[in-house]
Amino acid sequence: MLPRPRHEEGLRRLLRQFPVVGLVGARQVGKTTLARSLIARETGPVAFFDLEDPTDEARFADPKLALEHLEGLIVIDEVQHCAELFRLLRVLVDRPTNRARFLVLGSAGPELLRQSSESLAGRIA
């Protein structure tokens with residue numbers, strides 16, 4: 001694995017500024033590797049979900065139940081498999097008691113980009 005300290009620091013900066021950060025790109029370009037590198041240096045609570053893993057996919061049968069009580073850094077990989085999740089993320093980060101930051105990773109496709117921008121536009125503006 002190539003160290004990517006600039007990319008990692010950029011993600012940290014964005015996660016300090018925004019409650020939800022998306023990292024999208026083509027398959028096999030290092031999104032998950034970069035996220036795991038970030039996680040390895042995280043000092044607080046971390047949860048990692050891979051929506052291609054059948055166990056994590058089952059947990060997301062009720063995504064609110066899976067996410068609402070978590071805090072710290074929450075990484076959701078392969079988010080394109082659960083595009084409706086973006087509406088829930090908006091609800092979760094708008095709670096006054098929110099203590100979570102979300103890093104969502106996904107393979108870039110027109111549908112994912114449209115869904116995420118429509119659902120979270122109010123959070124970025």
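Trainee: What sits over the ring of Phe 48?
Mentor: That is the charged end of Arg 36, 4.2 Å from the ring centre. Keep in mind that this is a predicted model.

Trainee: Okay, and how many aromatic pairs does a search of the whole structure find?
Mentor: One. The pair is formed by Phe 49 and Phe 60, with ring centres 5.0 Å apart. Their planes are at 75°, so the pair is edge-to-face.

Trainee: Where do Phe 49 and Phe 60 lie?
Mentor: Phe 49 is in strand β2, residues 46–50, while Phe 60 is in the loop between α3 (54–59) and α4 (63–67). The pair therefore ties together parts that are 11 residues apart in sequence.

Trainee: Is Phe 49 buried or exposed? And what about Phe 60, buried or exposed?
Mentor: Phe 49 has 7% relative accessibility, so it counts as buried. Phe 60 counts as buried too, at 6%.

Trainee: Switching to helices: at what angle do the axes of α1 and α2 cross?
Mentor: Roughly 70°, and the axes come within 10 Å. Helix α1 covers residues 5–17 and helix α2 residues 31–40. The two are therefore roughly perpendicular to each other.

Trainee: Which residues make the contact?
Mentor: From α1, His 7, Glu 8, Leu 11, Arg 12 and Leu 15; from α2, Leu 34, Ser 37 and Leu 38.

Trainee: And by class, what does the contact of α1 with α2 have?
Mentor: Four nonpolar residues, two polar and two charged.

How values were computed
Residues numbered from 1 in each chain as written. Predicted model: local features only at pLDDT ≥ 70, side-chain atom pairs only at ≥ 80, totals over all residues. Heavy atoms only, no water. Axes fitted to C-alpha atoms, helices over the stretch in contact; angles between N-to-C directions. Helix = DSSP H or I, 4+ residues; strand = E, 2+ residues; numbered from the N terminus. Parallel < 35°, antiparallel > 145°, perpendicular 65-115°, else oblique. Contact = heavy atoms within 4.5 Å. Nonpolar A, V, L, I, M, F, W, Y, C, P; charged D, E, K, R; others polar. Phe/Tyr/Trp six-rings, centres within 6.5 Å; stacked < 30°, edge-to-face > 60°. Buried < 20%, exposed > 50% of the residue type's maximum accessible area, 1.4 Å probe, protein only. Lys NZ or Arg CZ within 6 Å of the ring centre and 35° of its normal.
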